[in-house]
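Hi,

Here is the structure I promised to pass along.

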Amino acid sequence: MRTRVFSLLIATALTSGFFSAILTSASPTASAASAASAASAASTPSAPELPELLLRHRDAMGGADRIAAIQSLHARIHLSMLVLEGTIESVSHAPDKTWTKIETNVIGYTEGSNGITRWKLDQNGQVTTRDDDRRLTAPAPVLPDFQYLFPNDEIRVTDTGSETIDGTAYRVLEIDAPGYNLPRKKYLHPDTLLIMRETGEEDGITVMMVYDDYRLIDGIPMAGTIIQYAQVPGMPPTTLTLESATFNEPLAVSVFSPPETIEKDAVFPPEHTVTVPMMIHGDHTLIDVGINGEGPFRFILDSGAAATIIDRSLADQLNLERVEGMHVMGIGGAEAIDKVTVRELAVGGLRIDTIDMFCMDMTEIVRMLGMDESFKGIVGYDVFARAVMRLDYAEQTLMLTDPDHFTYDGPGIPVTGEIINNLIYVEGTLDGEVKGKIRIDTGAAGGLHLHAGYLKKMGVLDRYQGNVELEMYGAGGKHAIRLVHVKTLTMGGIDIREPMSTIMAGGDGDDAGGILSTAEAMGTAGTEVLSRFIIWFDYPRSRLIMEPTERVGIARRMNRAGMFLTENAEGQVFVSMVLKGSAADDAGFREGDRIVRMEKLR
């Protein structure tokens, strides 16, 4: 029963920085004797080198021979989180193949790994792939969830003694393995030595599981109920209930590979390219979209939104049927939203047919950003995944090109990235020394938002502390941040001088900063960084293309009034950020205010 990432993926499916036949096989099983022998050969050089506690725990889990005889597991699990109800179907095959299908009242997707490539097929038919960073060089021939029971040089298991929680003195095993940001801890019942709790980290978010209601299936104890807690403000726990589990069903290994043919639902005009205006409001980029032939409606263009979101009032105006039961995660935590199905989404001459969106009440976001009621939603991953998108902040234009007809021969620098939970990341370096992933987020105001959890993991958190505090707004509310000093951010070999940089106030790597305290990525690059380039988003090829402009080498600093000013192509000046308690704040300036006249200072 694979439980580590189910609810986490549900929760992060909409992460927003602005505020995630009959199957056959030639040899489906192996005999207990041969499999156990192979497992022994693939484990550590000699059993005495394994912790005694691990050996006793392995016996409690059914014993080495019985575990090694299991070559496949097919499980069905009921998922429940507030009003979100659904079913998880999970298949795994020894030693490293997984397949999971999640279907709920508001979201459904399939993901898997063939041991080399991890992939995801989203509910709107888009496929993303990435290298499987959990890959083992020499895995034991047992199910992926049982690999820790047969450790080798790559999987390190340590008996860390006892830890008392709620009056129970659990025995604790700590496991470190490829793909783990931090070691996992398994808390074993002192008498049964079965896992009762587990803590770890998935995609930079701390997760705790509580196991209960064990039952024997072919001699293997499996938890009937698991409650999973993601350490994110406002995120409710998820309950996973085992409905059925079957071992050693015949399987075709092809089921674990990425789908090869996906029907296209995006229609471009004959010239294969569409160009539309971008409007700049403070540090936010807006475009006009059409919905079901009506509009235009103004949406934020947000590569940090893993789905497209529509304001609830507009959904009701367009008579879109709302289905309840999802959560969006932003810098302020989680917020309940609904799902709607749109017949057609249009961006200029680009048409996307029958797409699921999510809707929420955006009244508070509109107020916080100083926007008017014309703001009606957020364009996210759904459009980025279907077009190569060129953002020219100076000219305020967005060009969308059919990926099948796109070639690039300009002066820009291609930067290979990764699509993780529908968001794009590239490698970056802080001050020529600290390396890590940078989330690219056109919907994030400001410049570089450092992630406290990652900096803590790298042992450099103390270098990036500030004492000037202000507030950041986003989905789920607002959060206090501090200004910090970064000399250079390097991406694609390009040095960006003194980007306006922040870190969550009070963030020490735990849950203090929500998604911006993650240990998965080093930071999030927002509009102040991205607008120094003409930037191409090429999601189909998992890359960015960065064309530097004259603004790359210009440091941006806050003036003594305590606010940032932004000028658009028409020469209009807007307030893009106001420092709380500053002279500008006291004078009543707010983000989004337009400066119509500046008088000479005396």
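Thr354 sits in strand β22 (residues 350–360); strands (E, at least two residues) are DSSP runs, numbered from the N terminus. Its phi is positive, near 45°, and Thr354 is not a glycine. Thr354 counts as exposed because its relative accessibility is 52%, where exposed means over 50% relative accessible area, buried under 20% and partly exposed in between (1.4 Å probe, protein chains only).

Before you go on: this is a predicted model, where local features need pLDDT of at least 70, side-chain atom pairs count only at pLDDT 80 or more, and totals for chains, interfaces and linings use all residues. Residues are numbered from 1 along each chain as its sequence is written, and side-chain values use heavy atoms, with hydrogens and water left out.

Gln396 also has a positive phi, about 55°, without being a glycine. Gln396 is in the loop between β24 (388–392) and β25 (397–401), and at 9% relative accessibility it counts as buried.

Why flag these? Most residues other than glycine have a negative phi, and most peptide bonds are trans.

On to the cis bonds. The Ala94 to Pro95 peptide bond is cis, with omega near 0°, and Pro95 lies in the loop between β2 (84–93) and β3 (97–104). The bond from Gly295 to Pro296 is cis too, with omega near 10°; Pro296 belongs to strand β18 (residues 294–301).

Lastly, Lys437 in strand β28 (residues 434–440) counts as buried, at 13% relative accessibility. Leaving aside residues up to four places away in sequence, its contacts (heavy atoms within 4.5 Å) include Arg130, Glu418, Glu427 and Glu520.

Cheers

Notes:
Helix = DSSP H or I, 4+ residues; strand = E, 2+ residues; numbered from the N terminus.
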